[in-house]
Amino acid sequence: MVTDTKTALLDSAERAARTRGFDGFSYADLAQDVGIRKASIHHHFPTKAALSVALMQRYSEDLERACAQIDETVPTAAGRLRALIDRYRAALNGGKSLCLCVSFSTSRESLPPEVIDQIRRFRLMMINWLETVFETGRMDGTIGDVVTSAAEASAALPLLEGAQLTARAEEDPALFDTALQLLRARLR
């Protein structure tokens, strides 16, 4: 499959950001990885902020599509939440990386305001989806002890993100599983 330069740059930047964070890669790194001149990157992304916004937009769209696919293919709320948990666990890549939003968040002081806005939009989208999952779980009985769907959603996303950070810090995906043990126990 032939990949266009812009997509190759986004792919390279995402791999770098997920393993090394926002501050852990430069245009020189991307140029070397993709096999182009550093100046050529500026043709596609004039600034690292523009590149990072594009990364977050692509990441958000990907997760939104994934959540829609989960909704279409998984009949129960518990199964939907399990599928999302599995996706976050897979993003750890054996404890070597984080999901893009979590990775960028670790460099908040360095992030341009427009990237922070994209992270906020992403988290709002995920919390809204999770709220629907928890409400469905309350109604279909597949997620135990749901009192307030909004509160559950607002707690579940930071739990997933924090579990990723812990597992990444130790390069041990088992720590992710331990952190989510109580939530998983509520899934019927």
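Reply: Let us begin with accessibility: a residue is buried under 20% relative accessible area, exposed over 50%, and partly exposed in between, using a 1.4 Å probe and protein chains only. By this scale arginine 58, at 23% relative accessibility, counts as partly exposed. Please note that this is a predicted model, in which local features need pLDDT of at least 70, side-chain atom pairs count only at pLDDT 80 or more, and totals for chains, interfaces and linings use all residues. Residues are numbered from 1 along each chain as its sequence is written, and side-chain values use heavy atoms, with hydrogens and water left out.

Me: With which residue does glutamate 14 form a salt bridge?

Reply: Its partner is arginine 58, and the closest N and O atoms are 2.8 Å apart. This pair links distant parts of the chain, 44 residues apart: glutamate 14 belongs to helix α1 (residues 5–20) and arginine 58 to helix α4 (residues 48–73). Helices here are DSSP runs (H or I, at least four residues), numbered from the N terminus.

Me: Is glutamate 14 buried or exposed?

Reply: Glutamate 14 counts as buried because its relative accessibility is 13%. Both glutamate 14 and arginine 58 also belong to a network of salt bridges that includes Asp11 and Arg18.

Me: Which residue does aspartate 33 meet in a salt bridge?

Reply: The side chain of aspartate 33 meets that of arginine 15, at 2.9 Å from N to O. Here too distant parts of the chain are linked: aspartate 33 is in helix α2 (residues 27–34) and arginine 15 in helix α1, 18 residues apart. Aspartate 33 has a relative accessible area of 46%, so aspartate 33 is partly exposed. Arginine 15 is likewise partly exposed, at 49%.

Me: What is the N to O distance between arginine 80 and aspartate 71?

Reply: In that salt bridge the distance is 3.9 Å. Arginine 80 is buried, at 15% relative accessibility, whereas aspartate 71 is partly exposed, at 32%.

Me: Which residues is leucine 165 in contact with, leaving aside its neighbours within four places in sequence?

Reply: Contact means heavy atoms within 4.5 Å. Leucine 165, which lies in helix α8 (residues 149–170), is in contact with Leu98, Val102 and Thr106 once those neighbours are set aside.

Conventions:
Salt bridge = Lys/Arg side-chain N within 4 Å of Asp/Glu carboxyl O. Helix = DSSP H or I, 4+ residues; strand = E, 2+ residues; numbered from the N terminus.
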